[in-house]
Amino acid sequence: MADLTLNLIDASHAGELMTLRRAAFVTEAQVYDDPHLPVLTETLDAITADIAREDVVTLGAWLDGRLVGSMRVQVEGSRAKLGRLAVAPDLQKQGIGTALLTQTLEYLPEDISEVWVFTAQDKRASLDIPGMPGHDDDFDDYAGELTFSYLRRILGEDHLVQAFGAPDTVSEDNEVR
């Protein structure tokens with residue numbers, strides 16, 4: 001997507017991030033008939049505190065100054081756990097989520113050797129992971145009526161590109177082209 005810029009989210013973007021996440025996940029809440037999904041009940045203070053955590057990387061995607069996508073990554077030693085991938089509803093299916101997934105490693109510590117992504121089991125296909133080269137395993141977990149899938153990729157020389165698809169061309173200023 002032209003003019004999409006990826007960068008870290010800081011505390012000054014907490015309000016925008018909260019708005020983006022709520023807009024992106026409200027349809028999930030409707031599908032599962034659960035308006036109390038954790039992502040929808042987080043307070044601004046909780047989001048701000050999460051952004052400040054040393055073990056969390058929050059990546060954002062901006063288009064013409066508007067925050068249109070985000071992803072939260074928790075770092076646990078050499079493992080990265082990707083979650084809360086959110087894309088503005090009016091811009092879904094245009095490569096923003098893919099850009100966030102494929103360029104995540106650029107913003108993480110160099111010693112990351114294992115990447116986990118989690119999503120609702122019936123949304124797995126939206127990550128384009130099953131059947132792709134490098135996808136190692138998946139595990140399911142249950143929370144009430146919702147089944148979560150955890151997808152794991154052990155990194156090698158080609159890192160996330162093999163796991164999540166080839167990225168778009170990226171300029172030196174991290175702009176996706």
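How accessible is arginine 53, and does arginine 53 count as buried, exposed or partly exposed? At 32% relative accessibility, arginine 53 is partly exposed. Here, buried means under 20% relative accessible area, exposed means over 50%, and partly exposed lies in between (1.4 Å probe, protein chains only).

This is a predicted model: local features need pLDDT of at least 70, side-chain atom pairs count only at pLDDT 80 or more, and totals for chains, interfaces and linings use all residues. Residues are numbered from 1 along each chain as its sequence is written, and side-chain values use heavy atoms, with hydrogens and water left out.

The structure holds 7 salt bridges. A salt bridge is a side-chain nitrogen of Lys or Arg within 4 Å of a carboxyl oxygen of Asp or Glu. The table gives some of them.

| Glutamate 42 | Arginine 21 | 3.1 Å |

Glutamate 42 pairs with arginine 21. This pair links distant parts of the chain, 21 residues apart. Glutamate 42 sits in the loop between helix 2 (38-41) and helix 3 (44-52), and arginine 21 in helix 1 (residues 14-31). Helices (H or I, at least four residues) and strands (E, at least two) are DSSP runs, numbered from the N terminus. Both glutamate 42 and arginine 21 are buried.

Aspartate 90 lies in the loop between strand 4 (79-87) and helix 4 (96-102), and arginine 66 in strand 3 (residues 66-76), so the pair ties together parts 24 residues apart in sequence. Aspartate 90 is partly exposed at 48%. Arginine 66 is partly exposed at 37%.

Salt bridges with shared partners join Asp50, Arg53, Asp55 and Arg72 into one network.
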